[in-house]
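Subject: Structure for you to look at

Hello,

Here is the structure I promised to hand over. Please open it beside this email and follow along.

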Amino acid sequence: MIFIICATIILTICTITDLKGKYIYTWICGLSSAAAIIVHAFIKDIPTGNVGLGVLIGSLAFIVSIITKEKIGRGDAWIIMTIGALEGGMFLLPVLIWTFIFFNIYAISGIGLKYFNLKSKLPLAPFALLANTLVAFLAGGKL
């Protein structure tokens, strides 16, 4: 439960900075990810493979960011890595699915209403916060 609360706080900070300045404080994500990995290793609340899966998915997001020349921003990859390190890969997968569902609904609606076009850069952090909250609620606060 504490990791869900930490992830929610970090995602809230990332959402505010992403919406205001289109910037993600990657140092917050990096420090919290490193701390989460160390804490998980000591208290063994989540299997190591599950945390590793979360970090692996975040690493893949970095690779996609580099290959696509930041169509998915590096800050977004840091967010994915942070959720994976804090809550584990098995929690991250439904969060990512819901994040992209919410994001696509918003993007398609905005394009349809001509608020923005296909080249617009949209923030991912608010949708990750919403998805993380939804998945935590549906999971009953358990990892």
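**A buried alanine**

Ala85 is buried, with a relative accessible area of 0%. (Buried means under 20% relative accessible area, exposed means over 50%, and partly exposed is in between, using a 1.4 Å probe and protein chains only.) Ala85 sits in helix H4. (Helices are DSSP runs of H or I with at least four residues, strands are runs of E with at least two, and both are numbered from the N terminus.)

Before going on, two notes on the source. This is a predicted model: local features need pLDDT of at least 70, side-chain atom pairs count only at pLDDT 80 or more, and totals for chains, interfaces and linings use all residues. Residues are numbered from 1 along each chain as its sequence is written, and side-chain values use heavy atoms, with hydrogens and water left out.

What does Ala85 touch, not counting residues up to four places away in sequence? Its contacts are Ser33, Ala36, Ile37, His40, Val51 and Val55. (Contact means heavy atoms within 4.5 Å.) Ala85 and Cys29 are 56 residues apart along the chain, yet their C-alpha atoms are separated by 9.8 Å.

**His40 and helix H2**

His40 is one of the residues that Ala85 touches. His40 belongs to helix H2. Is His40 buried or exposed? His40 counts as buried, because its relative accessibility is 3%. A polar atom of its side chain lies 2.8 Å from the backbone oxygen of Leu86. (A polar contact is a pair of N or O atoms within 3.5 Å; within protein, one must be able to donate a hydrogen and the other to accept it, and residues adjacent in sequence count only if both atoms are side-chain atoms.) Leaving out residues up to four places away in sequence, His40 touches Phe3, Asp45, Ile46, Val51, Ala85 and Leu86.

Now the whole helix. H2 covers residues 26-43, which is 18 residues. From first C-alpha to last, H2 reaches 26 Å, close to the 26 Å expected at 1.5 Å a residue. (The expected span is 1.5 Å times one less than the number of residues.) The buried residues of H2 are Ile28, Cys29, Gly30, Ser32, Ser33, Ala36 and His40. Their cover includes helix H1 (2-21), helix H3 (48-67) and H4. Just after H2, Lys44 takes a positive phi of about 50°.

**Helix H5 and Thr99**

H5 has 24 residues. H5 reaches 34 Å from its first C-alpha to its last, close to the 34 Å expected. Its buried residues include Phe91, Leu92, Val95, Leu96 and Thr99. H1, H3, H4 and helix H6 (125-138) are among what covers the buried residues of H5. Just after H5, Lys114 takes a positive phi of about 60°.

Thr99 is in H5. Thr99 counts as buried because its relative accessible area is 2%. A polar atom of the Thr99 side chain lies 2.6 Å from the backbone oxygen of Val95. Leaving aside neighbours within four places in sequence, Thr99 is in contact with Leu124, Phe127, Ala128 and Ala131.

Phe100 also lies in H5. Phe100 counts as partly exposed, at 31% relative accessibility.

**One cavity**

How many cavities of 30 Å³ or more does a search of the whole structure find? It finds one. (On a 1 Å grid over the protein atoms alone, a cavity is a set of points where a 1.4 Å probe fits but cannot get out, and a pocket is an open set with protein on both sides within 12 Å along at least five of seven lines; lining residues have an atom within 4 Å of a point.) The volume of the largest cavity is about 40 Å³. (Grid points are joined across faces, edges and corners, and a volume is the space filled by probe spheres set on the points.) Its lining is Ile79, Ile80, Ile83, Val95, Leu96, Thr99, Leu124 and Ala128. H4 and H5 are the elements that give two or more residues to this lining. By class, the lining has seven nonpolar residues, one polar and no charged. (Ala, Val, Leu, Ile, Met, Phe, Trp, Tyr, Cys and Pro count as nonpolar, Asp, Glu, Lys and Arg as charged, and the others, Gly among them, as polar.)

**The largest pocket**

The largest pocket has a volume of about 780 Å³. It is lined by 26 residues, and the closest to its centre are Lys71, Gly73, Asp76, Lys121 and Leu122. H5 supplies the largest share of the lining, four residues. The lining has twelve nonpolar, five polar and nine charged residues.

Best wishes
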